[in-house]
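This note sets out several points on the structure shown below.

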Amino acid sequence: LHELFSGTGKFFLGMPETDPYGVRADALYFGVQGRSTGTAVPSWPVGQGKRVLAYLHADYPHVEAVIQGLAACDARVIVYMLGGSRKLLDAFAAAGAVVSAEPLDLDALLPQADLCVSHGPGTAIASLQAGVPVLILPKQLENFLFARSLERLGVGALVHLDQKAPDIRGALFTVLSSEKHATAAKTFAES
């Protein structure tokens, strides 16, 4: 059966730099297509801290550690959480974050951000196209492999899902305080 496809081309959505299996010499990459964003553009919290945009899923097993980490890093945070219960959303708000009930307009908010926290490729690629470093909290293997490719590029960091007590606060601090990550993300956006 594999012989049926032996002479065909290999086409991939995505970019060679972020291919979790490495750049494939015989492949054609189409880039990121049809990135859609929401429409919500909440105001950033008042203050002097760095700006963090968090685009999260409520079923992430370490979501409480994310809340605690964001609260501890003295950043101004905007959060959208898919499937977030009232209790979770209130916890983010109590930690000082602006919580959006609607999906965020990434094109409007990312250029103002210093860091984007998300689970996988869609939001992360949008962030890198805006020149903003990322912290990836992968929920499954493909997202983990994608996040490893971003670490290799120096544009962000990842927190491994299987860690019993992940140091999300430390990962946030590392990326937020790293000129290396910020420069690499800006270079990625310009390429």
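1. In this predicted model, helix 1 passes helix 6 in a right-handed crossing. On the helix 1 side the contact consists of A65, V66, G69, L70 and A72, and on the helix 6 side of I168, R169 and L172. By class, these residues divide into six nonpolar, one polar and one charged.

2. The geometry of this pair is as follows. The axes of helix 1 and helix 6 come within 8 Å and cross at roughly 45°. Angles under 35 degrees count as roughly parallel, and those of 65 to 115 as roughly perpendicular; helix 1 and helix 6 are therefore oblique to each other.

3. Helix 1 (residues 63–72) packs with helix 2 (residues 86–94) at an angle of about 15°, and their axes lie 9 Å apart. That angle makes the two helices roughly parallel. The crossing of helix 1 past helix 2 is right-handed, as is that of helix 1 past helix 6.

4. Which residues form the contact of helix 1 with helix 2? Helix 1 contributes V63, E64, V66, I67 and L70, while helix 2 contributes L88, A91 and F92. This contact has seven nonpolar residues, no polar ones and one charged residue. V66 and L70 are listed for helix 1 in this contact and also in the contact with helix 6.

5. The burial pattern of helix 1 deserves a separate comment. Its buried residues are V63, V66, I67, G69 and L70. An α-helix has 3.6 residues a turn, so residues three or four places apart point the same way. The buried residues of helix 1 pack against helix 2 and helix 6 (168–176), and also against strand 3 (51–57) and strand 4 (76–82).

6. D74 is found in the loop between helix 1 and strand 4, and takes a positive phi of about 55° just after the helix. Most residues other than glycine have a negative phi. D74 has its positive value although it is not a glycine. Is D74 buried or exposed? With a relative accessibility of 63%, D74 counts as exposed, because the cut-off for that class is over 50%.

7. V79 is buried, with a relative accessible area of 0%. Setting aside neighbours within four places in sequence, V79 is in contact with A54, L56, F92, A97, V98, V99 and S100. For V79 and V98, the sequence separation is 19 residues and the C-alpha to C-alpha distance is 6.2 Å.

8. The remaining point concerns the whole chain. Its secondary structure comes to seven helices and eight strands. The radius of gyration is 17 Å, close to the 16 Å that the globule rule gives for 191 residues, so the chain is as compact as a globular protein of that length. Along the principal axes, the C-alpha atoms fill a box of roughly 60 × 35 × 30 Å. Of the 191 residues, 47% count as buried. Among contacts with a separation of 6 or more, residues 24 or more positions apart account for 59%.

Methods
Residues are numbered from 1 along each chain as its sequence is written. This is a predicted model: local features need pLDDT of at least 70, side-chain atom pairs count only at pLDDT 80 or more; totals for chains, interfaces and linings use all residues. Side-chain values use heavy atoms; hydrogens and water are left out. Axes are lines fitted to C-alpha atoms, for helices over the stretch in contact, and angles run from 0 to 180 degrees between N-to-C directions. Helices (H or I, at least four residues) and strands (E, at least two) are DSSP runs, numbered from the N terminus. Angles under 35 degrees count as roughly parallel, over 145 as roughly antiparallel, 65 to 115 as roughly perpendicular and the rest as oblique. A crossing is left-handed if the near helix is turned anticlockwise from the far one by less than a right angle, and right-handed if clockwise. Contact means heavy atoms within 4.5 Å. Ala, Val, Leu, Ile, Met, Phe, Trp, Tyr, Cys and Pro count as nonpolar, Asp, Glu, Lys and Arg as charged, and the others, Gly among them, as polar. The radius of gyration is taken over C-alpha atoms; the globule rule is 2.2 Å times the number of residues to the power 0.38. Buried means under 20% relative accessible area, exposed over 50%, partly exposed in between (1.4 Å probe, protein chains only).
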